[in-house]
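The sequence and the model are shown first, and the description follows.

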Amino acid sequence: MADRLVVLHQGTLPPNAEHIEALADTVYATEEELPLLLPGADILLCWHSITPAVAASWPKDPALAPSWVHVAAAGVDSLLFPALVDHPDVVLTNSRGVYDRAIAEYVLGLILALAKDFPGSWEHQRRREWRPRDSERIGGRTALVWGTGPIGRAVARMLRAVGMRVCGAGRTARADDPDFGTVHEGAGTSLRTALADADYVILAAPLTPATRCMVDASVLAAMKPGARLVNVGRGGLVDEEALVKHLADGRLAGAALDVFAQEPLPAGSRLWDMPGVIVSPHTAGEVTGWRAQLADLFLENLRRRAEGRPLRNVVDKEKGYVRDPTAMEPC
């Protein structure tokens, strides 16, 4: 008997929907329909992933909860609610690996845009103003990549390739990492030294209880005067009020932010028009063909389940990320 699959969507369906439907008894649900359709389902595909709807719709009877939840995203923070995390029979998987190179390219683009002041050039062009001026080099500058998962590693390799000096920050300190060289412990004293030396601090960590607001006022104060912050992780990693203050007083030279505590970013946010700030709408990983890659990864896992093989990208629900990229689990 085929599994009953619920696909949570926001108007756009997976491009390989017909192949998915051939393997599972598939129904499609909006956020409003999910409370009616989720109970009793075997599988939930969160094609629309950043939403409180799953937590709000989760069956009160654990016996009616799906045994497998897959997220069409790298981050799983919206699904780390107690009823799912504490249910021992629910396997959670994500789309780790789809976004790595795309986000690394985006980070490089943001750093170049900040260093060369492309937004300023575009504004002068709009005003038909001819204003020659110097720009900064990025070769030889120091980047601290906070988050040593696959996205952070791809960013580190990309920045090293253009001549930047790179180090990392993560859960465990080490001195001989192949991509970062030195990795500073995120809660360690050596991180303060690294922050004081970095020209760019790039956030690529998952949002978990341990990382929420990890970039607070004290961390921002420890950053090198004139440094810039790039966030392609999650908005909740940063105390945005503290960031606005440090940008407004000129201590930081700028920021490039693709993610925010509230999305869409409210129209009244000061971040929209602060000098030296680049705002983008959570699109760092969205390159041509990205939806097809997400859909193909889920289809591969669906086939694995049908054949009784272990699933890819099994998330440690207590930690909030895939601890071992080779780890798989029967489902």
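In this predicted model, five strands make up an open sheet with parallel pairing, in the order E2-E1-E3-E4-E5. The edge positions are taken by strand E2 (24–29) and strand E5 (91–93); each has a single partner strand, so one side of each is left without a neighbour in the sheet. From one strand to the next, the twist averages 20°. Within the sheet, E3 and strand E4 (residues 68–71) are paired in the parallel sense over four bridges, and Cys-46 stands opposite Val-71 in E4. Helix H11 lies across E1, E2, E3, E4 and E5, and it runs at about 160° to E4.

A further set of pairings involves strand E6. Five of the five residues of E6 are buried, so this strand is largely enclosed by the rest of the structure. In a regular strand, side chains alternate between the two faces of the sheet. Both faces of E6 are covered, with buried Thr-142, Leu-144 and Trp-146 on one side and buried Ala-143 and Val-145 on the other. E6 runs parallel to strand E7 (residues 165–170) and parallel to E10. Together, E6, H7 and E7 form a right-handed β-α-β unit.

| Strand pair | Bridges | Sense |
|---|---|---|
| E3 and E4 | four bridges | parallel |
| E6 and E7 | five bridges | parallel |
| E6 and E10 | four bridges | parallel |

Which residues of the largest nonpolar core touch the most other members? In this core of 51 residues, they are Leu-5, Ile-111, Val-155, Leu-159, Ile-202, Val-230 and Phe-298. At least two core residues each are supplied by strand E1 (3–8), strand E3 (43–46), helix H5 (100–116), strand E6 (142–146), helix H7 (150–161), strand E10 (200–203) and helix H11 (290–306). H5 provides the largest share, nine residues.

Leu-159 illustrates the packing. Apart from its neighbours within four places in sequence, Leu-159 is in contact with Leu-108, Ile-111, Ala-143, Met-164, Val-166 and Ile-202. A second, separate core holds 34 residues, including Ala-169, Met-223, Leu-229 and Phe-260.

Note on methods: Residues numbered from 1 in each chain as written. Predicted model: local features only at pLDDT ≥ 70, side-chain atom pairs only at ≥ 80, totals over all residues. Heavy atoms only, no water. Core = buried A, V, L, I, M, F, W, Y, C linked by side-chain atoms within 4.5 Å. Buried < 20%, exposed > 50% of the residue type's maximum accessible area, 1.4 Å probe, protein only. Contact = heavy atoms within 4.5 Å. Pairing = 2+ DSSP bridges. Axes fitted to C-alpha atoms, helices over the stretch in contact; angles between N-to-C directions. Right-handed = clockwise from strand over helix to strand, strands pointing away.
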